[in-house]
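I am opening a notebook on this structure. The entries below follow what I looked up, in the order I looked.

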Amino acid sequence: MKITVGYLATPSGDDGVALATALARALDASIDIVLVMAVDEPVMEGSGPYRKILEAKAKGWVDDAAAQVPSGIEVTTHVIGHESFARALIDFAVNSDADMIVVGGASDGLLNRHSIGSVAGQLLHASEVPLALAPRGYRLSSAPITDLTVAVPTRSSAPNPLPFAFTLASAAHVPLRLVSLVSLESTGTPSDETSLDTRRRQVAAAQENLELAARTLPGIEGLESVVADGSTLDEAVGNLEWKPGDVLLLGSSRLATPKRVFLGSSAAKILRAAPVPVVVVPHE
């Protein structure tokens, strides 16, 4: 497998490299570290020497990033000129047959939580390959990838990340946990139904949905199904037990263009509450 890392010489950029390293170890993958330099249009007269200094700086930054990757993992560095960081990453990943793009978040988020910066925000609505997001401070973690959790959609028409999650779990030889998240948000509750009745009905439906999803998978060891509920999606995510080596997989919105990532409103709430790396899978 191949992983493309969108890199900036910042702590968040190092978070992305750390996540790519953990994924590469688990999946026996190679890493391409890509730094995108803005292209000035039109080119200013006399800017050539200054541009060369910037290019040398950029080369040093990606070399320093590559030095963070342990020996035994194949890593290559690239400095690309483009007007759009996100578009350059997508094009590079597609042209190099990458299986995943990895980026860090914004620098102003809470530790071990996701805060979406401008580049990640664009990728979350346009990437043509699965997008992995490192929570803030992930560079401080030394935990290997030990578990995968996949949020199974509650609607049959919604894009399902389960096939990609199964591929990753099989490649990494780690257990797979199927989760259905239940909340009282936007439920369309019948007027004569109490919140307790609503929750019971939703949990029963979620359990049935999980059992159906599990039957679609070939027999694998360590398969677990869990229903997590709460008043809000944030609370439901918080009620789950998370391990240091866990990774969460989410599907794209059903409104997404085929073969594109598009983060829906519910998935965005789950992303903000998740204390682990998150992979968003394109709509098939």
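**Entry 1: Asp15 and Arg139.** I looked up Asp15 and found that its side chain forms a salt bridge with Arg139, with 3.0 Å between the closest N and O atoms. I count a salt bridge when a side-chain nitrogen of Lys or Arg is within 4 Å of a carboxyl oxygen of Asp or Glu. Asp15 lies in helix 1 (residues 11-27) and Arg139 in the loop between strand 5 (131-133) and strand 6 (147-151), so the pair ties together parts 124 residues apart in sequence. Helices (H or I, at least four residues) and strands (E, at least two) are DSSP runs, numbered from the N terminus. Asp15 is buried at 1% relative accessibility, while Arg139 is partly exposed at 36%. Here buried means under 20% relative accessible area, exposed over 50%, and partly exposed in between (1.4 Å probe, protein chains only).

**Entry 2: ground rules.** I note that this is a predicted model, where local features need pLDDT of at least 70 and side-chain atom pairs count only at pLDDT 80 or more, while totals for chains, interfaces and linings use all residues. Residues are numbered from 1 along each chain as its sequence is written, and side-chain values use heavy atoms, with hydrogens and water left out.

**Entry 3: the other salt bridges I checked.** How many salt bridges are there by this rule? I get seven. One of them joins Asp91 and Arg87, at 3.0 Å from N to O. These two residues are four apart in helix 3 (residues 85-95), which means that about one helical turn separates them. Asp91 is partly exposed, with a relative accessible area of 30%, and Arg87 is partly exposed at 30%. I also found that Arg87 and Asp91 belong to a network of salt bridges that takes in Glu128 and Arg260.

**Entry 4: Asp246 and Arg177.** I then looked up Asp246, which forms a salt bridge with Arg177, the closest N and O atoms being 3.4 Å apart. Asp246 is in strand 9 (residues 246-251) and Arg177 in strand 7 (residues 176-183), so I have a link between distant parts of the chain, 69 residues apart. Are these two residues buried or exposed? Asp246 is buried, at 3%, and Arg177 is buried, at 10%.

**Entry 5: Pro161.** Where does Pro161 sit? I find Pro161 in the loop between strand 6 and helix 5 (162-172), and it is buried at 1% relative accessibility. Leaving aside neighbours within four places in sequence, its contacts (heavy atoms within 4.5 Å) include Val150, Ala151, Leu249 and Val281. Leu249 is 88 residues from Pro161 in sequence, yet their C-alpha atoms are 6.8 Å apart.

**Entry 6: the whole protein.** I count eight helices and 10 strands. Of the 284 residues, 49% are buried. Among contacts between residues at least 6 apart in sequence, 76% join residues at least 24 apart. The accessible surface comes to about 13,800 Å², with 52% of it belonging to carbon and sulfur atoms; the areas come from the Shrake-Rupley method with a 1.4 Å probe, and for residues only the protein chains shown count as cover.
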